[in-house]
Amino acid sequence: MDPIRNPYAPGAGTRPPEMVGRDDLRETARIAIERIRLGRPSKSIVMVGLRGVGKTVLLDQISEDAEVSGVLVLRIEAPEQRSLPSIIAPQLRTALIRLSNRQAVRAQAQRALRALAGFVSALKVKYQDIEVGLDFEPEPGLADNGDLEIDLQDLFEAAGVAARADSSCVALFIDELQYVQEDQLAALITALHRAAQRQLPVTMVGAGLPQLRGAMGNAKSYAERLFDFPEIGPLSLSDARLAISKPALNEGVEIEAAVLDAVVDRTEGFPYFLQIWGKHLWDVAKRSPITEASFAPATAQAIADLDQSFFLVRFDRLTPLEKRYLRAMADLGAGPHRSGDISQVMQRSVRSLAPTRANLIRKGMIWSPSHGDTAFTVPMFNEFMLRTVEPREWRQNGRADV
């Protein structure tokens, strides 16, 4: 088997060779964006799901679909330590500059650029990480109050007026939305709400971990009426089999049915893991068809690969106490688990562990499916913790770092 011809694509946000199981949501997003472009009511979309379900890939695909249709796409990732104004401003400037080159809407686009100049100048003191070139002098009184919630509304309104004049739409595609701080998330929701009320073509397609749904509701109580929150989960059995079998078939290689079933069962249909197993199956196999003899060594390599990259990069961000908390969760199984059960395993009180739990939620390692419950956001992370942290180590240190 030629490793150069290996068709599988395990990577952060890397498009898989066969995009399956997401066509309905792509079409839903297309219809929503086109309705908003026409000034007709439609909800913005926020996709939620665990790590490894392909949210980033899907977000990129929907943004590409929109860009092809002439939508002004702002593709944004929300890092943990960046402010919302700092990640929106450069992307919006690029879109407005492009729009200002069109004679018919130049005046509206330039006014939106003046709004952006006022927005950046007024908020630079509070959000010092804003780095963006200013092409026009601010217009006094336009998006320059220094209050993010007010100024973002004015900025989106000016951008929406320019997009409407061009029969276009401003669409924000924001990944890792759970990292946006609550007050800034509230400002974003308010600005999108104002644009919707004025029937301006400004919308958002976001993606984030499952806790994002609750965070948006906490930020603004009407968020559930303004957004659709489709849950992105593992692929169905048939789609998961297709995601593994078709890329190989396209290279003239068959995979035995029993191997496909074993891979789908081991990966639980999570798209990222399917790509990892597919890659290593290809690398291990000597020839077509790929038989059950390749499954065990490929699985060993896949797990080692995950341990050294996908899992370890998250594990290394944890404090010793956070690692012990996750090890205690893993000791209980895949989850979800009651907070009281975790604290009992650690021989600590729920109250003393509450800050640790909150930090792990903030880091995107766990989430709360319901009140008092705790679950991993990273599939198979419980297995990694069992392999990585010895029981003796975390039990002996369980009362440390109180």
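How many nonpolar, polar and charged residues does the lining of the largest pocket have? Keep in mind that this is a predicted model. The lining has 19 nonpolar, twelve polar and twelve charged residues. The largest pocket itself has a volume of about 800 Å³. It is lined by 43 residues, and Gly11, Ala12, Gly13, Gly52 and Thr56 are the closest to its centre. Elements that give two or more residues to this lining are α2 (55-68), β2 (72-77), α11 (271-284) and α12.

Now turn to the second largest pocket, with a volume of about 490 Å³. Among its 18 lining residues, those nearest the centre are Gln178, Gln211, Ala215, Ile361 and Arg362. Helix α7 provides the largest share of the lining, five residues. By class, the lining divides into eight nonpolar, seven polar and three charged residues.

Next come the rings. The structure holds twelve aromatic pairs. In one of them, the planes of Phe311 and Phe381 stand at 75° with the ring centres 5.7 Å apart, so this pair is edge-to-face. The two residues are 70 apart in the chain, with Phe311 in helix α12 (residues 295-315) and Phe381 in helix α16 (residues 381-388). Both are buried. Phe381 also pairs with Phe384, this time in a tilted arrangement, with 5.2 Å between centres and 45° between planes. Phe384 is buried too.

These residues belong to a cluster linked by ring pairs, whose members include Phe270, Tyr272, Phe310 and Phe376. Over the ring of Phe310 sits the charged end of Arg314, 4.5 Å from the ring centre.

How values were computed. Residues numbered from 1 in each chain as written. Predicted model: local features only at pLDDT ≥ 70, side-chain atom pairs only at ≥ 80, totals over all residues. Heavy atoms only, no water. Phe/Tyr/Trp six-rings, centres within 6.5 Å; stacked < 30°, edge-to-face > 60°. Helix = DSSP H or I, 4+ residues; strand = E, 2+ residues; numbered from the N terminus. Buried < 20%, exposed > 50% of the residue type's maximum accessible area, 1.4 Å probe, protein only. Lys NZ or Arg CZ within 6 Å of the ring centre and 35° of its normal. 1 Å grid on protein atoms, 1.4 Å probe; cavity = no way out; pocket = protein on both sides within 12 Å on 5 of 7 lines; lining within 4 Å. Points joined across faces, edges and corners; volume = space filled by probe spheres on them. Nonpolar A, V, L, I, M, F, W, Y, C, P; charged D, E, K, R; others polar.
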